[in-house]
Every structure is written in C-alpha cells, then in structure tokens.
Amino acid sequence: MDTTRHIEVCTLLRRAESAVQDALTGDQAAARTALALVTDARQRAEDTGPGTCAHPDCSNELHYVGRGRRPLYCSAQCRTAVYQATQMAARALVKASERATA
C-alpha cells in the first residue's frame, strides 16, 4: 500500500472511530456514517489498482469492473496459452520421471 493510500485509510478509520463513539450513545445516523466510513476504508485498503497480465510474454494492463474476482489475464488467448504451456510442462515431467524409473 502506498503512503498516500495509507494516510487516506487511517483518516477514514479515525473518522469511523469517532462516529462509532457517537453511535454508542444511541445516534443511528452516526452508526450509518461509521459503517460507510469503515466500508470505504476497507475498499481503499484492498484496491491494488490495475495490474498486468500474468502471461509471461504479455504486458497488457488488466481492467477490473468491480464484480467478482480480479482477472489474472487480459484475454482468453493469454489464459489459454498459459494453460497449454502448463499442461505441456506437466506431461514432459511425467515422461521424464517414467524414463528415470524404467
């Protein structure tokens, strides 16, 4: 987490702490404010920004729309290429171990 985001998260958490103290006295608006502030702080802490494709030969930026898991690959072609390379490497290891035991 970069310094600016860390400062933003700490500020939000301090404001949430104050709102929670007000909510303990029965202030429902303060309770809603505290929940919103804590949620915002968590989202900022978890937000890592756009990354790059996990394919070794690709440097495309990933796009996340905010639903579900974050993508690892920029396209289905990159995902398929990595899968196929992994499968070929696994088959080669199995063949090598069979030759070594024979």
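Student: What share of the 102 residues of the protein counts as buried?
Tutor: Of those 102 residues, 14% count as buried, where buried means under 20% relative accessible area, exposed means over 50%, and partly exposed lies in between, with a 1.4 Å probe and protein chains only. This is a predicted model, in which local features need pLDDT of at least 70, side-chain atom pairs count only at pLDDT 80 or more, and totals for chains, interfaces and linings use all residues. Residues are numbered from 1 along each chain as its sequence is written, and side-chain values use heavy atoms, with hydrogens and water left out.

Student: What is the mean pLDDT of the protein?
Tutor: The mean is 81, and 91% of the residues reach 70 or more; pLDDT is the predictor's confidence in each residue, from 0 to 100.

Student: Where is confidence lowest, and where highest?
Tutor: The lowest mean, 77, belongs to helix α2 (residues 28-46), and the highest, 88, to helix α3 (residues 76-101).

Student: How many helices and strands are there?
Tutor: The protein has 3 helices and 0 strands. Helices (H or I, at least four residues) and strands (E, at least two) are DSSP runs, numbered from the N terminus.

Student: Why is it described as more spread out than a compact globule?
Tutor: Because the radius of gyration is 23 Å, well over the 13 Å that the globule rule gives for 102 residues. The radius is taken over C-alpha atoms, and the rule is 2.2 Å times the number of residues to the power 0.38. Along its principal axes, the C-alpha trace spans about 75 × 30 × 25 Å.

Student: Changing topic, how many disulfides are counted?
Tutor: The count is 0 disulfides, a disulfide being a pair of cysteine sulfur atoms within 2.5 Å.

Student: Where is H55 found?
Tutor: H55 lies in the loop between α2 and α3 and counts as buried at 15% relative accessibility.

Student: Which residues does H55 touch?
Tutor: Leaving aside residues up to four places away in sequence, H55 touches Y73, C78, A81 and V82, where contact means heavy atoms within 4.5 Å. The side chain of H55 also reaches the backbone nitrogen of D57 at 3.0 Å.

Technical notes
A polar contact is a pair of N or O atoms within 3.5 Å; within protein, one must be able to donate a hydrogen and the other to accept it, and residues adjacent in sequence count only if both atoms are side-chain atoms.
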